[in-house]
Every structure is written in C-alpha cells, then in structure tokens.
Amino acid sequence: MTAAPQSEAERVAQLTGADFIKWLKSKKPEELWQFEYDWSFWARTDQRPPLGDWRTWFVMAGRGFGKTRMAAEYVRAAAEADGSLRIALVAATLHEARSIMIEGESGLLSIAPDEQRPTWEPSLKRLVWPTGAIANVFAASEPEALRGPEHHLAWADEVAKWDKGVDAWDNLMMTMRLGEEPRIVATTTPRAVPLVRRLLKE
C-alpha cells in the first residue's frame, strides 16, 4: 500500500528530541515567523501543481482534501508574482464565490499575510492585489457574463455544482486568451454530471 503524500509540515511534526531541535536551529527567526503563510511548507505533494506544460489542472476529490486552499494558494502565488495578471474566479453562484473563494476559511483573503492581502471590492465584484493583479468574480449560473473579458488565469470552483456547467465552461475557455500560457485550475467534489465527465475525458 502506497503511503499518503506528506507535507514538509507533517514530516517536521514527526521529528522528536534532538532532531527537532536541530531543525529549529537550522531556521532563522524570520523564517519561522513566515511559515504560517508559506504554502510550500504546508502543501502535500498531491496539492502541488503539475509539472511541465498544461492548460487545465483538474482536481476532483472528497471533502477534507484541501482543494480550496490548494487553488487559492495557486492563485495567490501567481497574483503576488505578476501584477499584470487578470484572473477569473468562477463559482456556481456569486454568493459561493464570495463565501468560499474569497472570504472563506481557506479563501484568498484568509491565506494572505497583511502586507500582501488583496482588497475586496464587492460592488465591482473584484479583488485587487498590492502588486496590481486583478481577479474578477463570476457566477456559472450567468454564463453570458463570461462573454467579453480576457484572462491569464482562472479558478473554477465546484464545477460539478454549476447549473449551466457546459455553457459556463465553454464561455470561460474563450476568455483564456491573455499571455503565452493561460491556465485554469478547476476543483470539485465527485459527481457524475456532464461537465465533469467531459473534463475527465479531455
């Protein structure tokens, strides 16, 4: 039986006595303080993006896997690294986008340190990072809203719950035309709906 992939944090938690003290001494005080927001420390190997060239990273897993945190951290890292990015955040409804992707326990506002936390502008349905990167929020229940915008990156959350899933996905794909490598992170719990079957096949 293959062991479950571990994070660096889980490996450190297994250290005892002299080994743990040795690990602590190998870190600078500022490094220890930053671990709270260091996703590379907390992420398991199955929560890290695929290597090589890819367009869609589709993650289908049950509750407790950490899909929301994983996708939010991917978006956060990209937005902090490149202020020119235009990002789409798409959920089944605007309420779910706000309550899960943005304001949720593992949402984009919660995972960022104060100095890098984006500003949420509810009236404009957008997040703006200190770097200048902008994420606009969309509801899959209104696929026509995805006609016109252009994006470098998108996070499509709980695609199995999208009421107009195929239409919303097709319109989202048409917005992915900025930059040399536009990418979509799609997360969902398992459910045999047409869009999920199509994504698995593709």
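In this predicted model, arginine 44 counts as buried, because its relative accessibility of 18% falls under the 20% limit. The side chain of arginine 44 meets that of aspartate 46 in a salt bridge, with 3.0 Å from N to O. Aspartate 46, at 32% relative accessibility, counts as partly exposed. Arginine 44 also lies over the face of phenylalanine 65, at 4.8 Å from the ring centre.

Charged side chains pair elsewhere too. Side chains of opposite charge can pair when their charged atoms come close, and the count here comes to twelve salt bridges. One of them joins arginine 126 to glutamate 121, with the closest N and O atoms 2.5 Å apart. Both partners are partly exposed: arginine 126 has a relative accessibility of 27%, and glutamate 121 has a relative accessible area of 22%. Arginine 147 forms a salt bridge with glutamate 144, the closest N and O atoms being 2.9 Å apart. Glutamate 144 is exposed, with a relative accessible area of 52%. Salt bridges can also be linked to one another, as in the network of Arg69, Glu73, Arg76 and Glu80.

We turn next to the aromatic rings. A pair of aromatic rings is described by the distance of the centres and the angle of the planes. The structure holds four such pairs. In one of them, tryptophan 54 and tyrosine 74 are tilted, at 5.9 Å centre to centre and with 50° between the planes. This pair links distant parts of the chain, since tryptophan 54 is in the loop between helix H4 and strand E1 while tyrosine 74 is in helix H5, 20 residues apart. Tryptophan 54 is buried, with a relative accessible area of 13%, and tyrosine 74 counts as buried at 18%. Tyrosine 74 also pairs with tryptophan 57, this time edge-to-face, with 5.8 Å between centres and 75° between the planes. Tryptophan 57 lies in strand E1 and tyrosine 74 in helix H5, so this pair ties together parts that are 17 residues apart in sequence. Trp54, Trp57 and Tyr74 form one aromatic cluster.

What happens in the interior? In soluble globular proteins, nonpolar side chains tend to be buried together. The largest nonpolar core has 33 residues, and those with the most contacts inside it include Ile87, Leu89, Ile102 and Trp129. Among the elements that give two or more residues to this core are strand E1, helix H5, strand E2 and helix H6. H5 gives the most, with seven residues. Beyond its close neighbours in sequence, isoleucine 102 is in contact with residues including Leu89, Leu108, Trp120 and Val137. A second, separate core has 21 residues, among them Phe138, Leu146, Ala160 and Ile184.

Phenylalanine 138 has its place in strand E5 and counts as buried, at 9% relative accessibility. Not counting residues up to four places away in sequence, phenylalanine 138 touches residues including Ala88, Val90, Leu146 and Pro149.

Helix H7, finally, spans residues 165–175 and has Gly165, Ala168, Trp169, Asn171, Leu172 and Thr175 buried. Seen down the axis of H7, these buried residues fall within an arc of 165°, so they line one face of the helix. What covers them includes E1, E2, E6, strand E7 and helix H8.

Terms used: Residues numbered from 1 in each chain as written. Predicted model: local features only at pLDDT ≥ 70, side-chain atom pairs only at ≥ 80, totals over all residues. Heavy atoms only, no water. Core = buried A, V, L, I, M, F, W, Y, C linked by side-chain atoms within 4.5 Å. Buried < 20%, exposed > 50% of the residue type's maximum accessible area, 1.4 Å probe, protein only. Helix = DSSP H or I, 4+ residues; strand = E, 2+ residues; numbered from the N terminus. Contact = heavy atoms within 4.5 Å. Arc of directions from axis to C-beta. Phe/Tyr/Trp six-rings, centres within 6.5 Å; stacked < 30°, edge-to-face > 60°. Lys NZ or Arg CZ within 6 Å of the ring centre and 35° of its normal. Salt bridge = Lys/Arg side-chain N within 4 Å of Asp/Glu carboxyl O.
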